[in-house]
Amino acid sequence: MILYSFRRCPWAMRARLALRYAGCEVEICEVAMKNKPADLLALSPKGTVPVLDTGAGVLEESLDIMRWALDRNDPQDWRLLADPLAAQQAEALIARNDSEFKAQVNLYKYAERYPEHSRAYYREQAEPWLAQLEALLGDRPYLLAEHPSLADAALLPLMRQFAGVEPLWFAEAAYPRLRSWLEGWLDSALFKAVMGR
């Protein structure tokens, strides 16, 4: 199996997390986005990453790749099969992350391209989301359970990106549980393994 990936792409990052966690043996093909390989374009004409060639089919969306991996092996119950209500919450969190928060991160990170407002303004627009996640972490180490879930792994890369825009602000912001959650992931053996060059 071959995963076409780009190391810093948040969507590729979360696909790699799930594949590694599930123990799926895949060859990682690092893609130079300015010089996309013909093999990738033959599989997926849109030319974005991640793309997984399973040998029996092609998956072109990060969430599809994550779910495919977890269907094969999910030792910690990332799918939250033991708690259907939490599994529904996971889907809602991921949907908001992938739409509204993704747009907010883009505005915040590239504020100079959107001079209608200041970077601080764009950051403030995202703070209700940070507060929601902070509240979810109120009495447990992960968003929806005592163990990681699909939601944690899916939200991690964009939160990492957000925190990296103004690291000093994030380090002092009123979200200590969210900060601890993020640091825990970034320090984990799983994350370090998928971010190796």
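Predicted model: local features only at pLDDT ≥ 70, side-chain atom pairs only at ≥ 80, totals over all residues.

Are H5 and H8 roughly parallel or roughly perpendicular to each other? Helix H5 spans residues 119–136 and helix H8 spans residues 176–186, and their axes cross at roughly 80°. Angles of 65 to 115 degrees count as roughly perpendicular, and H5 and H8 are therefore roughly perpendicular to each other.

**Packing of H5 and H8**

- Two packed helices are described by the angle between their axes and the distance between the axes.
- For H5 and H8, the axes come within 8 Å.
- On the H5 side, the contact is made by Leu130, Leu133 and Glu134.
- On the H8 side, Pro176, Arg177 and Leu178 make the contact.
- Sorted by class, the residues of this contact comprise four nonpolar and two charged residues, with no polar ones.

**Asn97 in helix H4**

- Helix H4 covers residues 84–109, and Asn97 lies in it.
- Asn97 has a relative accessibility of 1% and therefore counts as buried, the cut-off for buried being under 20%.
- Leaving aside residues up to four places away in sequence, Asn97 touches Arg14, Lys102, Trp129, Ala154, Leu155 and Leu158.

- Zero disulfides are found in a search of the whole structure.
- A disulfide requires a pair of cysteine sulfur atoms within 2.5 Å.
- The closest cysteine sulfur to that of Cys9 belongs to Cys29 and is 14 Å away, which is too far for a bond.
- Seen from Cys29, the closest cysteine sulfur is that of Cys9, again at 14 Å and too far for a bond.
- Cys9 has a relative accessible area of 12% and is buried, whereas Cys29, at 23%, is partly exposed.

**Annotated domains**

- An unreviewed UniProt entry places the feature "domain: GST N-terminal" at residues 1–77.
- That span, residues 1–77, is 38% helix and 17% strand, and its end C-alpha atoms lie 24 Å apart.
- The UniProt annotation "domain: GST C-terminal", also from an unreviewed entry, covers residues 83–197.
- Over residues 83–197 the chain is 72% helix and 0% strand, with 36 Å between the end C-alpha atoms.

Terms used:
Residues numbered from 1 in each chain as written. Heavy atoms only, no water. Axes fitted to C-alpha atoms, helices over the stretch in contact; angles between N-to-C directions. Helix = DSSP H or I, 4+ residues; strand = E, 2+ residues; numbered from the N terminus. Parallel < 35°, antiparallel > 145°, perpendicular 65-115°, else oblique. Contact = heavy atoms within 4.5 Å. Nonpolar A, V, L, I, M, F, W, Y, C, P; charged D, E, K, R; others polar. Buried < 20%, exposed > 50% of the residue type's maximum accessible area, 1.4 Å probe, protein only. UniProt positions renumbered as here; feature names shortened; annotations may be inferred.
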